[in-house]
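Colleague: Hi! Could you walk me through this one? I'd like to start with the ligand and then move on to the charged pairs.

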Amino acid sequence: MMETHHEPRLFRDKHSWRDIGNNVVNPVSENKKTDLIEIWEALQIIQDNNPQPIVTSMPLLDALGRRLALDILAPEPSPRHTNSAMDGFAVRWEDVAFTAEGNHITLTIAGESQAGIPFSNICRSNQAIKISTGAILPNGTDTVIRVEETQIKDNRITVLQARNKGQDVRMAGEEFAAGDLLLHRGTALQAPQLGLLASVGINEVPVYSPPHVCLVVTGTELAAPGEPVAPHQIRDSNSIMLNTAVLQAGGKVVGRHYSGDTLEDTEIAIRKSINKAGIIIVTGGVSVGEHDHVKEAARKCGFTELFWRVKQKPGKPLFFARKKDCLLLGLPGNPVSGFMCFMYYIQPLLRSLQGREFSWRKAKARFDNPVKNKGNRTNFMRISLRKEESGFIIAEVLEKQGSHMLGSIAQADGFIIMEPGKYLSEGSWHDVYLFPWKM
Ligand code: AMP
Ligand code: MG
């Protein structure tokens, strides 16, 4: 059994990542005959060319699920004013301190501080001010007696019990002061975070914009969804699948362009996408066939090739190019190949453009049947998962892994990465990559 595990681990500091990459032990990488790059090299190149995330200001109502692009400091303290934590009476501690020794004290009710209608005078000695929860503590008072701890008669109260000075008072700034860090950059905005922002008067927040993606779908053989399909045609399933995967990764699809397999058509479709989106995902036409024009069309549109062909299965013809801040990823047309390339390379890229790590959701799972990669390319094998009663996750490699067999991804919960020669013996544990909608 050969342990060739490389499992690229990604850190913010690209160089430490590269160090790990160089430590990879992979006998096949010694094979200089191949011009294919390793999957970790492809990841590295994609990461090195990560464009700057786009930041936008969004009203709170639209910001659900987005991530903060800046640290947010509190513009004001919380609470904004010293107020009562209870319904009761605001008093001066010096007047009620004796009750601690079992004495009862009687005070005159001199007014009221209601939430929204403060008491405008000063509370004097032997007076109490009726107060409701959240109302401003009247001048002169420092303590609140809960209504349950008093007896009220006419305009007087008897204080039965006062425990300590300052009881049931919320001090201005006790939660945070103006200028304190409220929320970190990168925080996902959910209901509580949006509530917190609203509580300090912030109505718009700087967030990472959903990355704009254009899809270019190539293939003369394709019939659009809903259209009649001739015997020589293939139904286009990549459009809806990739469109949906982009949305699930937090991206926004800003255009879909279709092209037949001619250089001219392909070039036009790519050109239409350039100024619309920071990421262009092309499907099909990226292999070595006579009718594969994506690489040449991209070059004619001004893109520089960064890599082509990765030592992986499926998805070997993966193509990556860049024109300034616009990235182009050419996925093989085979639906499974394209989808796996999306999951492994593009999904983390879309995440990282939204203030998250360039990373995947993973879990550890046990393989109760041996698994082997007999091929000479890294294999993304689709797996199904189930949870044992003990809570352990058990993984099984799905049958029918052909790159045209969409059923294998429709059933899958995720995938494993198996380097050439890698063998998992019965009962061994391995990292599994989870599809975002599973488990
Ligand atoms: P290509 O990468 O263009 O050589 O395409 C490889 C295979 O994927 C061919 O069998 C195509 O018919 C199929 N294919 C290409 N594009 C799509 C698509 N949009 N939807 C479904 N199958 C496709
Ligand atoms: Mg094609």
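Colleague: Which backbone N or O atom lies 2.9 Å from an oxygen atom of ligand 1?

Modeller: That one belongs to Gly285. Keep in mind that this is a predicted model. A backbone N or O atom of Asn334 also lies 3.1 Å from an oxygen atom of ligand 1.

Colleague: And what does the side chain of Asp236 do with ligand 1?

Modeller: An N or O atom in the Asp236 side chain is 2.8 Å from a nitrogen atom of the ligand. As for cover, the protein hides 79% of the 480 Å² of accessible area that ligand 1 has on its own.

Colleague: Nice. How many residues surround ligand 1?

Modeller: There are 15, and the closest are Glu221, Asp236, Ser237, Gly285 and Gly333. By type, the shell divides into five nonpolar, seven polar and three charged residues.

Colleague: Which strands each supply at least two residues of that shell?

Modeller: β13 (212–218) and β15 (234–235) do.

Colleague: Switching to charges now. How many salt bridges does a search of the whole structure find?

Modeller: It finds 15. One of them joins the side chains of Lys300 and Glu267, at 3.6 Å from N to O. The pair links distant parts of the chain, with Lys300 in helix α7 (residues 294–300) and Glu267 in helix α6 (residues 263–274), 33 residues apart.

Colleague: Is Glu267 buried or exposed?

Modeller: Glu267 is buried, because its relative accessible area is 15% and the cut-off for buried is under 20%. Lys300, at 41%, counts as partly exposed.

Colleague: Which residues are linked with Glu267 in a network of salt bridges?

Modeller: Arg271 and Lys300 are in that network with Glu267.

Colleague: What does Lys295 pair with?

Modeller: Lys295 forms a salt bridge with Glu305, their closest N and O atoms being 3.7 Å apart. Glu305 lies in strand β18 (residues 304–308) and Lys295 in helix α7, so this bridge ties together parts ten residues apart in sequence. Both ends are partly exposed: Glu305 has a relative accessible area of 41%, and Lys295 has 25%.

Colleague: Last one: how far apart are the closest N and O atoms of Glu388 and Arg366?

Modeller: They are 3.0 Å apart, in a salt bridge. Here Glu388 sits in the loop between β24 (378–387) and β25 (393–397), while Arg366 is in strand β22 (residues 362–367), 22 residues apart. Arg366 is buried at 16% relative accessible area, whereas Glu388 is partly exposed at 26%.

Notes:
Residues are numbered from 1 along each chain as its sequence is written. Chains are lettered from A and ligands numbered from 1 in the order in which they are written. This is a predicted model: local features need pLDDT of at least 70, side-chain atom pairs count only at pLDDT 80 or more; totals for chains, interfaces and linings use all residues. Side-chain values use heavy atoms; hydrogens and water are left out. A residue is near a molecule or strand if one of its heavy atoms lies within 4 Å of it. A polar contact is a pair of N or O atoms within 3.5 Å; within protein, one must be able to donate a hydrogen and the other to accept it, and residues adjacent in sequence count only if both atoms are side-chain atoms. Accessible areas come from the Shrake-Rupley method with a 1.4 Å probe; for residues, only the protein chains shown count as cover. Helices (H or I, at least four residues) and strands (E, at least two) are DSSP runs, numbered from the N terminus. Ala, Val, Leu, Ile, Met, Phe, Trp, Tyr, Cys and Pro count as nonpolar, Asp, Glu, Lys and Arg as charged, and the others, Gly among them, as polar. A salt bridge is a side-chain nitrogen of Lys or Arg within 4 Å of a carboxyl oxygen of Asp or Glu. Buried means under 20% relative accessible area, exposed over 50%, partly exposed in between (1.4 Å probe, protein chains only).
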